Amino acid sequence: MTETADAREADRALKAKHRTMWALGDYPAVARQVVAALGPALVEACAVKAGDRVLDVAAGSGNASIPAALAGGDVVASDLTPELLAVGRKEAEERGAVLSWQEADAEALPFDDGTFDVVMSCVGVMFAPHHQTAADELVRVCRPGGTIGLLSWTPEGFIGQMFATMKPYAPPPPPGAQPPPLWGREEHVRELLGDRVTDVEARRQSVRVDMFSEPEDFREFFKAAYGPTITVYRSIADDPERTAALDAALADLAGGALRDGAMEWEYLLLTARRNG
């Protein structure tokens, strides 16, 4: 097998692992019950209006896609994980939203150059392993003068710190993969997009999460529903001591963030206009 063929096979295997990870648990419950406010915030920042051609990259179950469709956009929700798209289709029907759903890799989008007026991603594309490749695709499919909108967890915020807490217990990342929370750093995203965009606006905001009254409530919910957390726990399932240590670490993290029964989870909201 040639080096190029080896690389392609390795990439297919990596994407298969990602697809499996996000199908674990119940990510739609996380999107619907915990961070439902994020999608509408991104849609508003992108100023989606009637008739806009909109692509939601790594859309999951439609946290941003459905609000964009309800705002009048002609929306395509794309994601690597078909199980999430299936949930999104059902939710869209229940909410009266009309949009298209398409399985797609954020690093190899099956769309022509300049197809969309708005290209957005809500805590989605940040999990693509190769950041520059994913960013290049976001820019490529956006028309000149179109909007690129990204909402990503920051490294310093609660979810970024959750990933830092889990890292010592997780298997090592594959060569070339970059940490997802880097997308929560404005300078990193500016570097990825480069001079292909203008009118960059970035601000740090937070979403209020009030469904966990105790630290253990958060930990047990994420152990059951959130694919990345489930994957880490599965990797140490045969080591009771490490499992107990991670249990304690996640409870400590949540306990430090809880204030009067609520937490604030920080994210970076960045919009830019495609040059041309």
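Trainee: Does α6 pass α8 in a left-handed or a right-handed crossing?

Mentor: A crossing is left-handed if the near helix is turned anticlockwise from the far one by less than a right angle, and right-handed if clockwise. Here α6 passes α8 in a right-handed crossing. Note that this is a predicted model, in which local features need pLDDT of at least 70 and side-chain atom pairs count only at pLDDT 80 or more, while totals for chains, interfaces and linings use all residues. Residues are numbered from 1 along each chain as its sequence is written, and side-chain values use heavy atoms, with hydrogens and water left out.

Trainee: What counts as a helix, and at what angle do the axes of α6 and α8 cross?

Mentor: Helices (H or I, at least four residues) and strands (E, at least two) are DSSP runs, numbered from the N terminus. Axes are lines fitted to C-alpha atoms, for helices over the stretch in contact, with angles from 0 to 180 degrees between N-to-C directions. Helix α6 covers residues 131-141 and helix α8 residues 186-193; their axes cross at roughly 65° and come within 9 Å.

Trainee: Which residues of α6 and α8 meet?

Mentor: Contact means heavy atoms within 4.5 Å. From α6 come His-131, Gln-132, Ala-135, Asp-136 and Val-139, and from α8 come His-188, Glu-191, Leu-192 and Leu-193. By class, this contact has four nonpolar, three polar and two charged residues. Ala, Val, Leu, Ile, Met, Phe, Trp, Tyr, Cys and Pro count as nonpolar, Asp, Glu, Lys and Arg as charged, and the others, Gly among them, as polar.

Trainee: Which residues of α8 are buried?

Mentor: Buried means under 20% relative accessible area, exposed over 50%, and partly exposed in between (1.4 Å probe, protein chains only). In α8, His-188, Val-189, Leu-192 and Leu-193 are buried. Seen down the axis, these residues fall within an arc of 125°, so they line one face of α8. The arc is that of the directions from the helix axis to the C-beta atoms. Glu-187 and Glu-191 are exposed, on the face of α8 turned away from the buried side. The buried residues pack against α6, β5, β6 and β7.

Trainee: How far apart should the ends of helix α11 be?

Mentor: The expected span is 1.5 Å times one less than the number of residues. Helix α11 (residues 240-257) has 18 residues and should span 26 Å, which agrees with its end C-alpha atoms being 26 Å apart.

Trainee: Where are the buried residues of α11, and what covers them?

Mentor: Thr-243, Leu-246, Asp-247, Leu-250, Ala-251, Leu-253 and Ala-254 are buried in α11. They cover an arc of only 155° around the axis, which puts them on the same side of α11. The face turned away from that side carries the exposed Glu-241 and Asp-252. The cover includes α7 (158-166), α9 (215-225), α10 (227-235) and β7 (263-274).

Trainee: Is Gly-51 buried or exposed?

Mentor: Gly-51 is exposed, at 54% relative accessibility, in the loop between α3 (38-45) and β1. Leaving aside neighbours within four places in sequence, Gly-51 is in contact with Gly-72 and Asp-117. Gly-51 and Gly-72 are 21 residues apart in sequence and 6.2 Å apart, C-alpha to C-alpha.
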